[in-house]
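This report covers an interface, a helix pair, salt bridges and some backbone geometry. The sequence and structure come first.

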Amino acid sequence: MKKVLSILLIFLFATSMMFAGGAGESQAPKGKTVVEIWSNDRHDLEYLLAKVSEFNAKSDTIEIKHTTVVENYPNMLVMGFTSGNAPDLFYMNARGTGFDLKTFVDANMLTPYPDSLLDDPEFAKVTDARKNIVEGVNAINGVPYAIFNVRRSGTRMIYNVDLFKKAGITKFPTTLAGLVEAADKVTKVGNGQFYGIATCASAQFERWLEGIINKSGVYHYDFKKGVFNFDGYREGILLAQKFFSNGSMFPGSNTQGVDAMRAQFANGTFGIWGNASQEAGVFTDQFPIEDFEWAVAELPSLDGTVKGTVDSRPQKGLFMFSSSKNKDAAWEVVKYLNSEEVVKGYIEKGYALPLSTYMQKVVDMSGAGRLGDFAPVPYEGLYPSVPAVTVAGDNYAVSIWNAIVNGSDVDRLIADLNKRYNEALERDLKIGKVKRIVIPNFDPLNPNKEKVQFLDK
Amino acid sequence: MLSPAVLLLVITSVYPFFWLFRYVLYDYNGFVAYFTGTYNIKRAFTDAVFWKSVLHTFEYAIGKLILIIPISLGLAVFISRNLPGSNTFRIIFFLPTVISASVYSLIFTFIFAVFRGPLNTVLEAMNLITRPIDWLGDPKWVMKSIIVVAVWGGLGNYMIYFISGLSSISEEIYESCMIDGANGTQTFFKITLPMLSPILKVILLLAITTAFKDYQSILVLTNGGPDGRSHVMFSYIYNLIFAAFSSPQIGYATVLSVLAALIIGVITAGYLYLARKLDDVF
């Protein structure tokens, strides 16, 4: 019996080791150049693997090896590079968690995109390559290191229409004060059975509240002066504190994971949930909502008007490691994965929204389910990345969220954030770690329109 | 004879420590190091979050030790009596030890769920609470909840140590006690506990150093929240290096790691000094 158990354990161990490397394609036939790609996306794996197989079947010279690395992705990329095991290409979405483009570029880890590719007619048409170069997001000093081909929407408010009706609300509010009131009304009607609004354990402040503040023309970095300034966040924080003081925030949502909260929303236990277009698939496939009607609304703002840009993140950017020994073959793969056929199919499957003007015209969204509810709006875009300073203490999002939950003094919080962030900026400028980013004619509704200036002091 | 072991120790422990130590004077993000002079050291002594995390570490370690040692000893004594079902209970109590801390912590996040969570539902049904408790989000409750998880996850391990210690005590001694008319309490305090002293010393040393270094469960349960209330030294240091939302602060984290190592070293040395008596008991 012990022998049988030992053999079984060895078998299980060996099998688990075989799969430990993640989902990958098989080895290339002889004579073909292998281009290895890493991705941290699981939701689109089936589609991309199918497209990779099609390419491999057609190409006599190149074999794509696609590997999914889900856990600890940015660190795995770094370890891969430093140990000489990096792939040729890797996918990264705009402002990917834990990924700092400047650090990768400063360490000479990346290869810039060549002009020949940026100006390739098919590539330019599908991606609007030259129009979608954003400082700190896919470019450093104006040099692009990736081009995105799709996007997800900016944050939207997804709400339970049935609960709104029960609370007597007929229209989704357009102001944050109105949102506080609506959440309170739903909570009161719920009487402990359902609540107004929720967040989750990760990115609490950024999930939807910061978008509301940004839409109001307020940002934490003053691009005109090149300093951090949190003064404009005051009103939003004071209003958001009411979600906790009046009990309309779903109990415990602050410590539950995102999927736990999605499941709660799908169960009808709270009325309002904020997130981007990925929720279209979540509430139709992962946690399908069948028992009530749900709808999608644009984010409110502080005064009901649009004065600023809401971050809307482009996706599926392919970065090339400088260590790649097969750069020419890898650029061919980049071209293929950004071809109209691949990108069109990707969008029509409902994985993301179109990014370029051309793709917006040619895709048929009828098969993309509720993704149509998250169609792009004019004020969604991307801010240039602000200087990545080393701040002592909690970052601003965590500090602000703590103040919202605890109901603590907002003026003191803002003074502390201004002090800590600007001290860190001055210190990091002095040691040459960052440059001051200034856009003299910065327009919050067109944050990428003007040229960025990089100052040493 | 010892040279391979010493060599391994130097390669895997001493060298990495000194390799890292050179970054104490730098802002180092894993690729590029920017010289910052003594800034990291000054910052360490004025970092309120870190010093609070030191206090939380003591709170966590003391809370865990006060519960885990008596409970695991009690279970070991109970199981060593070889009553019917002892082996089954031995396996049940030991099972959490073989489960990854991340996995059982994740399970506890569901148990601790506020709205219709299993624990709150049971307590409400028993009329022990009138409204749901936010076990992981309320500063009053969060550390207690984390300690419960830590005790649940670790007691099987210490129970096994105690069982092995108990098995080394001769049955004849217990028989002599019975003949002399000693009751169970007297036997436990006058025979069992003193004779366990040498192994108790080792178990306590392991328990103390483990408790002061624990942080994996905390990362899964609360990641140091709410508002840093459950940050222990190493969860804070881990976040400085691996935080998803800011660039790594390896130089500063190194300074804090050295401070944390010093704190644990002093506690361990203090314990070993105080525990000298345990060697002399038997």
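In which helix do A:K125 and A:E122 both lie, and how many residues apart are they?

## Basis

This is a predicted model, in which local features need pLDDT of at least 70 and side-chain atom pairs count only at pLDDT 80 or more, while totals for chains, interfaces and linings use all residues. Residues are numbered from 1 along each chain as its sequence is written, chains are lettered from A and ligands numbered from 1 in the order in which they are written, and side-chain values use heavy atoms, with hydrogens and water left out.

## Salt bridges

A:K125 and A:E122 both lie in helix α6 (residues 121-127) of chain A, three residues apart, or about one turn of the helix. Helices here are DSSP runs of H or I with at least four residues, strands are runs of E with at least two, and both are numbered from the N terminus. The two residues form a salt bridge, with the closest N and O atoms 3.7 Å apart. The term requires a side-chain nitrogen of Lys or Arg within 4 Å of a carboxyl oxygen of Asp or Glu. Over all chains, this rule gives 31 salt bridges.

## Interface of chains A and B

Contact (heavy atoms within 4.5 Å) links 23 residues of chain B with 31 residues of chain A. The two chains bury about 2500 Å² between them, 59% of it on carbon and sulfur atoms; buried area is the accessible area (1.4 Å probe) lost by two parts on being put together, summed over both.

One salt bridge is found across this interface. A:K433 pairs with B:D27 in a salt bridge whose closest N and O atoms are 3.1 Å apart. On the chain B side, β2 (33-35) and α2 (39-46) each supply at least two of the residues that touch chain A. That side divides into 12 nonpolar, six polar and five charged residues. Nonpolar covers Ala, Val, Leu, Ile, Met, Phe, Trp, Tyr, Cys and Pro; charged covers Asp, Glu, Lys and Arg; the others, Gly among them, are polar.

## Helix pair in chain A

The axes of α8 (residues 176-190) and α10 (residues 234-245) of chain A come within 9 Å and cross at roughly 5°. α8(A) is therefore roughly parallel to α10(A), a term for angles under 35 degrees. Axes are lines fitted to C-alpha atoms, for helices over the stretch in contact, with angles from 0 to 180 degrees between N-to-C directions. Residues making the contact include A:L179 and A:V180 of α8(A) and A:L239 and A:F243 of α10(A).

## Backbone geometry

The peptide bond from B:G225 to B:P226 is cis, with omega near -5°. B:P226 lies in the loop between α11 (216-221) and α12 (233-242) of chain B.

Terms used:
Angles under 35 degrees count as roughly parallel, over 145 as roughly antiparallel, 65 to 115 as roughly perpendicular and the rest as oblique.
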